[in-house]
Amino acid sequence: MASTLRYFDYLADHGEALEDRVGFDGLEDKINVWRQQGTADPDSVVVGCRKIAENIVDHLIDDREMERANLAAKISYALDGGLVDKTLFYKLEEIRKKGNRGAHGSETVKVIDAKMCLELLDDVLRALIVDLGIDPDAARTARITDDSLFLIRSEAEMADLRHTARTAALLSGDPSIEKEARRATAAIQKQEKEQATRLDALSDLIKQVEEIEAECGIAEEGTDEQTAQEQIFARTDAILDIIRRDARETEETAIKVERHAREILSEHDFVEKLLQGRGRATSRQFDVMAFPRSANAKTNILQLAGGAGTGKTLCLIAKLIADTKASDQTSLFAEKRRKGLFVCYNKGLAKHVRDLIARFPEAAASIEVTHYDEYVNQLVRVFPKEGYEHLIDYARDARYPREGRPGNYRYWELIFEGKALPLVGRAMATVAERHPKDSGSYYLDRSASENIAWVYEELDWLEARYDDPGDARRDYPTSSRIGRGTKRRPNEAIRMVLLEIWETYRRLLEEERRYTIAQATKRLQSSKSLPAYDVIAIDEVQDFSIRSIKLLLQLRADEQSRVYLSGDENQKIYRGDFTWKELDSSLRGHTIVLTENKRSSEAIEGFASRLLAEERTYGGTYERVFVLNATDEKILRVIGRLRSEASDESVAVIGNAQHWERLARAAKFDPRDPRDVTIFDPRLYVLGMKAGKGLEFDNVIIDYTRPAEEDEDAEMRLLYTNCTRARKRLYIRYRGEPPDLLKKVYPDFID
């Protein structure tokens, strides 16, 4: 019965088990080598297959008395003892005979002999998987008709080439590398299929020679039989020459692509080229690398602005690596490296940056990568967690105390939104009792979860902005609300009530020995023993509070320490008080604006730009961007098609992470959290609506079934941020009636 199985396909799952049972280490690697070298060195193939056959028989009979017997006797012993059936006996015998010819050099070993040995070995190993109980349900035999036995490159090697090229394309901004890799692997697959057809023709020719020899014996010189044999041999030589020539040319193309990609990924990758001042970087990116010389600046603070995909993060990484190289200060033994700190807002981005910097081991040893909340929390805990032990001797004067006695200590804990919301609700209820006439108003009504969430965000902003409620009373009642939405506009009287809620909330936090990141930030600002760094890079600065940035500036070792801040106000998805204008008024830093998108295709960039009220001309959008009225099942089919047709590309679903993780697992897609694995891997990733900032994927699916923000401006920034995560294809999914923002901005894309 015909089968869709491929030669030796079971080794991926059962290779290690087979190695243990037949006593042959590196089984899969050896077989792949023989499959690639079979047309050039058939002797090695048949001898190698004979060695595996001998190992198999030795492990099956397990009889010391047979240790000195020759292989023919051992195979017969295995048959007589019922250890192999007659089918396996004949196959092992044939492998033995052909292997002997290769080992003794008594006869010329042909390519067709190597092909037959590998086919027989595939049959033997496939049967053993069942017979030895490794996988009793596997197919014991298979007729393989659509696969090449000899390989130019194995599937794993071709997958590795595509993966390497994709990573190189990502880092260099040059998509042609990935296209070259695809063309090379397609050419290899085509060549292998053609090779299989030629080998079948070669087998037919060999049979013709054998038939002549069987009928006439050795042909005498000058006879018609000899002429026929010589013609057949000439044809076989011509076929072998074509096979070897085509394989060599195809392999040379793959090697060229591989060298190009690996050049980028090793010492000459995108960051390295920035460090060396060459490569595909833009002139403004080179200006970043040359700062402060490029700007004739008298400041050591650089503000790096730019839209999504303009390379801000990579520039920060390159600049951080360059600036932490050995300084002029030396000890008696070695140069002293400067200490660097990379801080961002998003945990997933911190993981991604840590993976990138790990490519530079020397620099990685002196650069700390973290996200802000984690870093601050570890500085105020009694005992920092694993990975932050080096902070134990810092900020001791700002750490929250432990209370109680040995064996019964009570520790202060950081509170997150999930546990903070009930406390905010309690604070609202307490204050509502003082203002019964207003108890039904949105700022005191706890019956709607969105009211509690809004008050929570307002209190978080107040905590980050002001020292305490007394300080806030002088300014907050009349302050502007930039960056905090326009849907709810509390007047002065409402703001005074909000200050009461804040004061009550702070008291509840203290009673439960809880603190917020904003409170921890203020606590650290008064510390006399903070860590010190020579270079500090702050990414996603638009989502920080001004106070948190000021704390990070306190971590400078001295006035000569350099600080690099990178951000895009169009990607501001948290309601902090950051603005470039306010930051610049206190820092007086130099600004460089990056403008060239190095991530998304022109079609996706143009599509996303509509959300910023920018109209651009761009082509191919309807082939790259899809706005779908789709069920969960349809989106799962889209994921399945992408994983099948573009298996070497990453896919990210942005939406309700728990919902999509559950659906993806049920569909056997093995979804991953980008905070746990490198996003260079061609996997399916599942993220929350605000978890993708700073990351990028080949294909992005946004589950936009309902607005994630109350305010339209905030909703636009969030959708813009998520759209610009996509490099190649973007899908926006809604259900039933499209959200108002889609109808307003993309009426021509709606199904």
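**The ground rules**

Residues are counted from 1 along each chain as its sequence is written, and because this is a predicted model, local features need pLDDT of at least 70 and side-chain atom pairs count only at pLDDT 80 or more, while totals for chains, interfaces and linings use all residues. Side-chain values use heavy atoms, with hydrogens and water left out.

**The whole chain**

The protein chain has 28 helices and 19 strands. Both kinds are DSSP runs numbered from the N terminus: helices are H or I with at least four residues, and strands are E with at least two. Out of 751 residues, 52% count as buried. Here, buried means under 20% relative accessible area, exposed means over 50%, and partly exposed is in between, using a 1.4 Å probe and protein chains only. Now for contacts, meaning heavy atoms within 4.5 Å. Among contacts in the protein chain with a separation of 6 or more, 72% are between residues 24 or more positions apart.

How many disulfides does a search of the whole structure find? It finds 0, counting a disulfide as a pair of cysteine sulfur atoms within 2.5 Å. A disulfide is a covalent bond between the sulfur atoms of two cysteines.

**A five-stranded sheet**

Let's look at a sheet next. Strands of a sheet pair through backbone hydrogen bonds, either parallel or antiparallel. This one is open, has 5 strands in the order β15-β19-β18-β16-β17, and its pairing is parallel. Two strands pair if DSSP finds at least two bridges between them. At the edges sit β15 (625-629) and β17 (684-687), each pairing on one side only. From one strand to the next, the twist averages 20 degrees.

Zoom in on β16 (residues 651-654): 4 bridges link it to β17 in the parallel sense, and A652 has Y685 of β17 as its bridge partner.

Two helices lie across this sheet. Helix α25 (residues 632-645) lies across β15, β16, β17, β18 (697-703) and β19 (726-734), at about 165 degrees to β19. Helix α26 (residues 657-666) lies across β16, β17, β18 and β19, and runs at about 150 degrees to β17. These angles go from 0 to 180 degrees between N-to-C directions, and axes are lines fitted to C-alpha atoms, for helices over the stretch in contact.

Is N699 buried or exposed? This residue of strand β18 is buried, with a relative accessible area of 0%. Leaving aside neighbours within four places in sequence, N699 touches L642, E649, S650, V651, A652 and R729.

**A strand with both faces covered**

Strand β3 (residues 301-306) has 6 of its 6 residues buried, so it is largely enclosed by the rest of the structure. On one side are I301, Q303 and A305, on the other L302, L304 and G306, and all are buried.

**Some helices**

Helix α20 (residues 517-525) is largely enclosed by the rest of the structure, because 7 of its 9 residues are buried. Those residues are I517, A518, Q519, A520, T521, K522 and L524. What covers them includes α15 (372-380), α17 (449-465) and α19 (492-511).

Now two helix pairs. The axes of α12 (residues 312-323) and α13 (residues 347-357) come within 11 Å and cross at roughly 45 degrees. That makes α12 oblique to α13, since angles under 35 degrees count as roughly parallel, over 145 as roughly antiparallel, 65 to 115 as roughly perpendicular and the rest as oblique. The contact is made by T313, L314 and I317 of α12 and L349, V353, L356 and I357 of α13.

Helices α5 (residues 86-104) and α6 (residues 111-131) pack at an angle of about 145 degrees, their axes 10 Å apart. Residues making the contact include L88, L92 and I95 of α5 and M116, L120 and V124 of α6.
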